[in-house]
Amino acid sequence: MTVHVKIVVGLAFALALAGCAGPTHDLLNRKAVAAPASDIAASHEIFVATTRQQATKDPRQVFDGDRSLTTLYARVDVTVPKIHQVGAIERAKGSADSNPAKHFTATDVVHYGDAQQFAKAVGADISMRGDRALVFVHGFNNGFDDGIYRLTQIAHDTRYPGTPVLFSWASSAKATGYIYDKDSSTAARDDLEATLRMLAKTRVKSIDIIAHSMGTWLTMEALRQLAITGDRDLNGKLGYVILASPDIDVDVFKKQMIRYGKPDKPFAILLSGDDRALKLSSFISGDKPRVGDYGNAADLVNYGVTVVDLTKAKGGDGGLNHAKFADNPILVQLLGNRLRTPAGLASDESDPTQLNNIGQGLGKAVGSVAEVVITTPFRVLTIATGG
């Protein structure tokens, strides 16, 4: 066995243990677990559009890894414990029931019969919460539960001022399911496009998108399709686009951006040169570089995007360094500071003094030292996040 193959096998094993996903995929408790209201930090309503089939073998999963030919809709209510630490997802071990005083806990699931019912419900929530929506598109090796909990954590830790919407495509939630997952993400392109168009028809003023890993491929394909129809910015309602650890071939991404055109609103690529999960993806894809660990930020910014290099920041996913944007306490709060300013009022030309002040303040608060390198079409900024 060559050294290269040994490394890949090791990465595959690491993915199986830590991966993008949690240890099990049960979302609902077998029975309700009571906790004092004083032990609960917050409750979040997560709206869901999914191309997964509803789980029948194990209803606790709610939706499984099999593909649905139509989009299904739901809402999941999730509580966050007061002991929650920024960047973490506190989960029960194995298939044990979640304790709301200690864990993220799904307390209720509402299924909507069709797109019209869902649009009415999510539209009402958007109007109530400030006319903004955050769409999260998860990555490879994710169960339905993983997407629910990750979006809850992002919405909670960033203090996002709007409605969280999970687009959950049919990942097999297996480290060995890369090809199945790639096909599932491809099959979901029309569904994501339709979901974004549906949200744009509500009273929403800004639709922000965060996509992770293989979910970035799906997101770019949906944006490309919107561009082909002449509506790439959803009639002016598209806000931030944030692609975290993009599992996309660099050349394919460039072609997607050529079709999409240079963005009018902030469009960010979050990459990390030590992303071990993307090393495996690169091997599977013929040793071609992925956007998420690409070393030439100056090349990417030619397409109108901002590149944020997180290589020197620590990850919290067992050494894979594939989800720094959400599990690093400093980075998730920096992300929140950005998201709380509507994209229409933000500028891609960041103020380095302001970013340094924010980064250093957060760094001191959590006792971590790192640097984030931001490359824009105008300049390169090195932001200290510790002191």
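Ser 245 sits in the loop between β7 (238-244) and α7. This is a predicted model, and in it Ser 245 takes a positive phi of about 50° even though it is not a glycine. As background, most residues other than glycine have a negative phi.

The valine belongs to the loop between β1 (40-54) and β2 (63-81). Is Val 62 buried or exposed? With a relative accessibility of 5%, Val 62 counts as buried.

## Helix α6 against α7

Now for the helices. As a reminder, two packed helices are described by the angle between their axes and the distance between the axes. For α6 and helix α7 (residues 250-260), the axes come within 8 Å and cross at roughly 30°. Angles under 35 degrees count as roughly parallel, so that is the label for α6 and α7. Their crossing is left-handed.

On the α6 side, the residues that meet α7 are Trp 217, Met 220, Glu 221, Leu 223, Arg 224, Ala 227 and Ile 228. Facing them from α7 are Val 252, Phe 253, Gln 256, Met 257, Arg 259 and Tyr 260. Sorted by class, this contact has 9 nonpolar, 1 polar and 3 charged residues.

## Helix α6 against α4

Helix α6 (residues 214-228) also packs with helix α4 (residues 178-187), this time at an angle of about 25° and with the axes 9 Å apart. The pair α4 and α6 is therefore roughly parallel too. What is the handedness of the crossing of α4 and α6? It is right-handed.

From α4, the contact draws on Tyr 178, Asp 181, Lys 182, Ser 185 and Thr 186. From α6, it uses Met 214, Trp 217 and Leu 218. By class, the residues of this contact divide into 4 nonpolar, 2 polar and 2 charged. Keep an eye on Trp 217: it is listed in the contact with α4 and also among the α6 residues that meet α7.

His 212 lies in strand β6 (residues 206-212). With a relative accessible area of 7%, His 212 is buried. Its side chain reaches the backbone oxygen of His 322 at 2.5 Å.

Arg 132 has its place in strand β4 (residues 132-137). The relative accessible area of Arg 132 is 5%, which means that this arginine is buried, given the cut-off of under 20%. What lies 2.7 Å from a polar atom of the Arg 132 side chain? That would be the backbone oxygen of Leu 339.

## The whole protein

Zooming out, the secondary structure comes to 12 helices and 11 strands. The protein has 387 residues, and 57% of them count as buried. As for contacts with a separation of 6 or more, 78% are accounted for by residues 24 or more positions apart.

Conventions: Residues are numbered from 1 along each chain as its sequence is written. This is a predicted model: local features need pLDDT of at least 70, side-chain atom pairs count only at pLDDT 80 or more; totals for chains, interfaces and linings use all residues. Side-chain values use heavy atoms; hydrogens and water are left out. Axes are lines fitted to C-alpha atoms, for helices over the stretch in contact, and angles run from 0 to 180 degrees between N-to-C directions. Helices (H or I, at least four residues) and strands (E, at least two) are DSSP runs, numbered from the N terminus. Angles under 35 degrees count as roughly parallel, over 145 as roughly antiparallel, 65 to 115 as roughly perpendicular and the rest as oblique. A crossing is left-handed if the near helix is turned anticlockwise from the far one by less than a right angle, and right-handed if clockwise. Contact means heavy atoms within 4.5 Å. Ala, Val, Leu, Ile, Met, Phe, Trp, Tyr, Cys and Pro count as nonpolar, Asp, Glu, Lys and Arg as charged, and the others, Gly among them, as polar. Buried means under 20% relative accessible area, exposed over 50%, partly exposed in between (1.4 Å probe, protein chains only). A polar contact is a pair of N or O atoms within 3.5 Å; within protein, one must be able to donate a hydrogen and the other to accept it, and residues adjacent in sequence count only if both atoms are side-chain atoms.
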